[in-house]
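Hi everyone, thanks for coming.

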Amino acid sequence: MDGSEKNETSRYLPAKPLQVTEKIFLSDTYRTRFEATVVGARVREGRTEVVLDRTAFYPEGGGQPADHGTIGGSLVTDVIEADGEVLHFIGGGPSPTAGERVACVVDPARRLDHVQQHHGQHLLSAAFERIHGAATLSFHLGADGCTIDLDAPPARMTPEALAAAEAEANRLVWADLPVDARERSPAELDALPLRKGAVKGSRVVVVGGGPAGEVVDASPCGGTHPRRTGEVGAVAVLRAQKWGAGTRVEFACGGRVVALLHRAEERMARASAALRCAPPELAAAVEKLAEESLARRKELERMLEALATVEAARLDGACPPGAPVAIRLDGMLGAPSGLRAVAQAMAARGRTALLGGVEGARAHLCFARPRGPGAHLGEILREAVTVLGGKGGGAPDLSQGSGPDVDRLDEALALAAARAGGSAR
Ligand SMILES: [Zn+2]
């Protein structure tokens with residue numbers, strides 16, 4: 001597309017003849033301070049967008065997020081490319097005006113982070129392809145994490161396979177190979193072992209090659225790349241999961257590896273302080289704790305059952321024979337598990353139990369009776385629990401429910417007793 005076509009078709013800044021922005025980020029990854037002339041600025045949908053005659057701000061694309069920074073002291077919060085123009089969105093400070101000469105700064109820490117993740121992805125994708133024949137279908141670089149999507153099924157991407165690809169990627173990082181990202185002539189393109197077809201243009205990122213040795217990767221890309229692979233620092237494969245028919249691999253590179261390590265250490269320190277053990281003993285301590293907790297829960301269940309049996313015997317003896325026993329229980333037996341244990345123990349003694357209790361700012365009901373013909377306790381409970389403003393139900397011989405209106409528990413029990421042919425105590 002040439003300049004005149006651009007002017008006719010552009011929806012942006014139509015008042016001024018547009019200039020094609022010089023993209024400094026393509027030729028110089030390290031340039032984070034530059035001067036430019038504002039070609040145009042306008043407010044659209046409440047946002048100020050600025051076009052410069054030249055820019056080092058990378059616009060979001062190719063799986064890489066946009067650079068942030070400042071233009072003439074105003075904050076740049078997003079950068080996109082639309083219709084061949086790079087649009088800088090101003091999120092704070094005075095808006096630059098057309099014709100103004102401005103000093104621009106790209107946030108260098110954010111840029112370096114993107115360079116490390118993005119180039120690390122190239123190396124990791126090359127490693128998966130070289131070692132496992134697994135091609136990368138898509139790539140995502142976010143503030144929370146980076147992923148590549150491989151065309152290989154998860155069954156093939158075992159922990160060992162992931163470790164082998166990670167080791168190969170780090171071998172390429174630590175060999176500190178030269179990286180050459182630039183436009184190529186058709187003859188140069190023919191000579192390169194391209195990992196994937198060109199997306200747009202003829203810019204190819206070549207790793208290795210020259211007098212130093214073989215080309216280890218050649219990938220068409222418009223993203224930002226370092227001069228040497230060593231700047232990636234390290235590549236860590238974190239986890240993998242099924243993604244359609246393929247595998248999604250989460251990874252981190254460079255400074256993010258250090259940040260993740262610190263976060264993991266911090267969590268381990270907190271966990272080991274809570275368990276009063278040294279960090280290396282953490283896994284064993286957690287396993288022991290889980291075992292103990294399970295054993296205690298089982299013990300508690302047995303104790304509750306024993307207590308319920310005693311309480312059922314007491315209620316059976318204290319209440320007139322034959323009639324349903326409608327009563328509220330307190331403490332442990334008033335909680336849903338306690339109510340259920342007592343109700344079932346009562347049913348085992350041949351009694352109909354309509355029990356209620358309060359726990360956790362809610363009133364609970366549990367009704368039980370011996371199996372066979374008799375009142376439908378599920379239907380009776382469904383009616384009684386509406387008094388509590390809640391929901392519940394169940395089978396003819398066992399039902400449960402709860403509601404927030406704890407002050408009306410006695411009323412709910414009286415209603416249930418009347419329906420079941422008895423009276424509440
Ligand atoms: Zn790339």
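Okay, here's something to look for: which residues in α3 meet which residues in α4? Keep in mind that this is a predicted model. On the α3 side we've got L123, L124, A127, F128, R130, I131 and H132, and they meet A161, A164, A165, E168, A169, L172 and V173 in α4. If you sort that contact by class, you get eleven nonpolar, one polar and two charged residues.

So how do these helices sit? Helix α3 covers residues 108-132, and it packs against α4 at an angle of about 125°, with the axes 8 Å apart. Angles from 65 to 115 degrees would be roughly perpendicular and those over 145 roughly antiparallel, so α3 and α4 count as oblique to each other. The crossing of α3 past α4 is right-handed.

Now, the sheet. Strands in a sheet pair through backbone hydrogen bonds, either parallel or antiparallel. Here we have an open sheet of four strands, in the order β9-β10-β15-β14, and the pairing is antiparallel. At the edges you'll find β9 (136-141) and β14 (235-243); each has a single partner strand, so one side of each has no neighbour in the sheet. On average, neighbouring strands are turned by 20° against each other, ignoring direction.

Let's zoom in on β10, residues 146-150: five bridges join this strand to β15, residues 246-253. For instance, I148 stands opposite V249 in β15.

And back to α4, residues 159-174: this helix packs on the sheet, touching β14 and β15, and its direction makes about 145° with that of β14. Helix α6, residues 255-275, lies across β14 and β15 too, running at about 90° to β15.

Key. Residues are numbered from 1 along each chain as its sequence is written. This is a predicted model: local features need pLDDT of at least 70, side-chain atom pairs count only at pLDDT 80 or more; totals for chains, interfaces and linings use all residues. Two strands pair if DSSP finds at least two bridges between them. Helices (H or I, at least four residues) and strands (E, at least two) are DSSP runs, numbered from the N terminus. Axes are lines fitted to C-alpha atoms, for helices over the stretch in contact, and angles run from 0 to 180 degrees between N-to-C directions. Two residues are in contact if their C-beta atoms, placed from the backbone, lie within 7 Å. Angles under 35 degrees count as roughly parallel, over 145 as roughly antiparallel, 65 to 115 as roughly perpendicular and the rest as oblique. A crossing is left-handed if the near helix is turned anticlockwise from the far one by less than a right angle, and right-handed if clockwise. Ala, Val, Leu, Ile, Met, Phe, Trp, Tyr, Cys and Pro count as nonpolar, Asp, Glu, Lys and Arg as charged, and the others, Gly among them, as polar.
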